[in-house]
Amino acid sequence: MSITEVPITGVIRLGQFLQAAGLIDSGADAKAVIADGLVQVNDEVETRRGRQLHPGDVVSYAGRGARVTDG
């Protein structure tokens, strides 16, 4: 799986990051895939849409991944 670097300034939550990274299309999509246990953060299933992400965290969904980097 290739990992895309996504620069973020400040704090971002998982649902927002999925959109910013282009892994999903909308907030409604984010809510659904997170609730269904289809998203992983640092190789662990995450079901909290509001989880705060930090530089170095890797989010994966549907065989694609994105890493939070300092913006």
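Mentor: The accessible surface of the chain is about 4,100 Å². Carbon and sulfur atoms hold 44% of that surface. Accessible areas come from the Shrake-Rupley method with a 1.4 Å probe, and for residues only the protein chains shown count as cover. This is a predicted model, so local features need pLDDT of at least 70, side-chain atom pairs count only at pLDDT 80 or more, and totals for chains, interfaces and linings use all residues. Residues are numbered from 1 along each chain as its sequence is written, and side-chain values use heavy atoms, with hydrogens and water left out.

Size next. The C-alpha atoms fill a box of roughly 30 × 25 × 20 Å along the principal axes. The radius of gyration is 11 Å, which agrees with the value near 11 Å for a compact globule of 71 residues. That radius is taken over C-alpha atoms, and the globule rule is 2.2 Å times the number of residues to the power 0.38. Of the 71 residues, 37% are buried. Buried means under 20% relative accessible area, exposed over 50%, and partly exposed in between, with a 1.4 Å probe and protein chains only.

Now the fold. The chain has 2 helices and 7 strands. Their order from the N terminus is β-β-α-α-β-β-β-β-β. Helices (H or I, at least four residues) and strands (E, at least two) are DSSP runs, numbered from the N terminus. Contacts (heavy atoms within 4.5 Å) reach along the sequence too. Among contacts with a separation of 6 or more, 50% are between residues 24 or more positions apart.

The part to look at is strand 6, residues 58–61. V58 and S60 point one way, while V59 and Y61 point the other. All four are buried. Strand 6 has a partner in strand 3, residues 39–41. The two run antiparallel and share 3 bridges. Strands count as paired if DSSP finds at least two bridges between them. Y61 is the bridge partner of V39.

Strand 6 also pairs with strand 7, residues 64–70. That pairing is antiparallel as well, over 4 bridges. Here V58 stands opposite R67.

A62 sits in the loop between strand 6 and strand 7. Its phi is positive, about 55°, although A62 is not a glycine. Most residues other than glycine have a negative phi. A62 counts as exposed because its relative accessibility is 61%.

N42 lies in the loop between strand 3 and strand 4 (44–45). N42 is not a glycine, and its phi is positive, near 50°. With a relative accessible area of 36%, N42 is partly exposed.

T69 is buried because its relative accessible area is 18%. Leaving out residues up to four places away in sequence, T69 touches E5, V6, P7 and I8.

To recap strand 6: its four residues are buried.
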